[in-house]
Amino acid sequence: MCIRDSLRALRLESLFYREAAEDQSLDRESTIVIILVALIASLGELTGKSGSWLAYLGTVTNSILFGWLLWAIVAWFVGRNILDGEGSLGGMLRVLAYASIPRLLGVFGGLPLIGWLFGLVGGILSLIAGIIAIREGMKLDTGAAIITALLGGLIYIAFSVLIGMLSLPFTLFG
């Protein structure tokens, strides 16, 4: 089930995201997906410049707390309270977990010269999947989903920069 659902999400099937938003039985599966994506995608951190376990754990934590949880909360709040969407917070958590699957390309992030490209492509594909997930999960039009996704993305970037600045001493001296 998990592999089939993950492939449907990766193919950007709108119907899958609509179904996942409404299917509470996917709570456990989607949580496993986001944890695995965070763990695997962040492996590039271990082979990259720092090669630090602390940097790896920071990246995993950032990915789960801010890249998924915060984004879902922002998307739900904006979609529900500002754009009159119809989805639930649980639905947003589920669909954005599946939308994170393209970030698995981050596992190649430690490759010299081109590793960053894999992370960039994975991030862009995940953003596209996130827009579809938000559109279907909140029953919004595409324009409203883009606004919601970009707002969540800006908040994620702000928190990532803050966490990065706070963890810099551990990266330099860890």
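1. Helix α3 (residues 27–41) packs against helix α6 (residues 89–99) at an angle of about 40°, their axes 8 Å apart. Axes are lines fitted to C-alpha atoms, for helices over the stretch in contact, and angles run from 0 to 180 degrees between N-to-C directions. Helices are DSSP runs (H or I, at least four residues), numbered from the N terminus.

2. This is a predicted model: local features need pLDDT of at least 70, side-chain atom pairs count only at pLDDT 80 or more, and totals for chains, interfaces and linings use all residues. Residues are numbered from 1 along each chain as its sequence is written, and side-chain values use heavy atoms, with hydrogens and water left out.

3. α3 and α6 are therefore oblique to each other (angles under 35 degrees count as roughly parallel, over 145 as roughly antiparallel, 65 to 115 as roughly perpendicular and the rest as oblique). From α3, Asp27, Glu29, Ser30, Val33 and Ile34 meet Arg94, Ala97 and Tyr98 of α6 (contact means heavy atoms within 4.5 Å).

4. α2 (14–22) also packs on α6, at an angle of about 140° with the axes 7 Å apart. This pair, α2 and α6, is therefore oblique. Phe16, Tyr17, Ala20, Ala21 and Glu22 in α2 meet Gly91, Arg94, Val95, Tyr98 and Ala99 in α6.

5. α6 is mostly covered, with nine of its 11 residues buried (under 20% relative accessible area, exposed being over 50% and partly exposed in between; 1.4 Å probe, protein chains only). Arg94 and Tyr98 are among the buried residues. The cover over the buried residues includes α1 (2–10), α2, α3, α5 (53–82) and α7 (115–138).

Methods
Helices (H or I, at least four residues) and strands (E, at least two) are DSSP runs, numbered from the N terminus.
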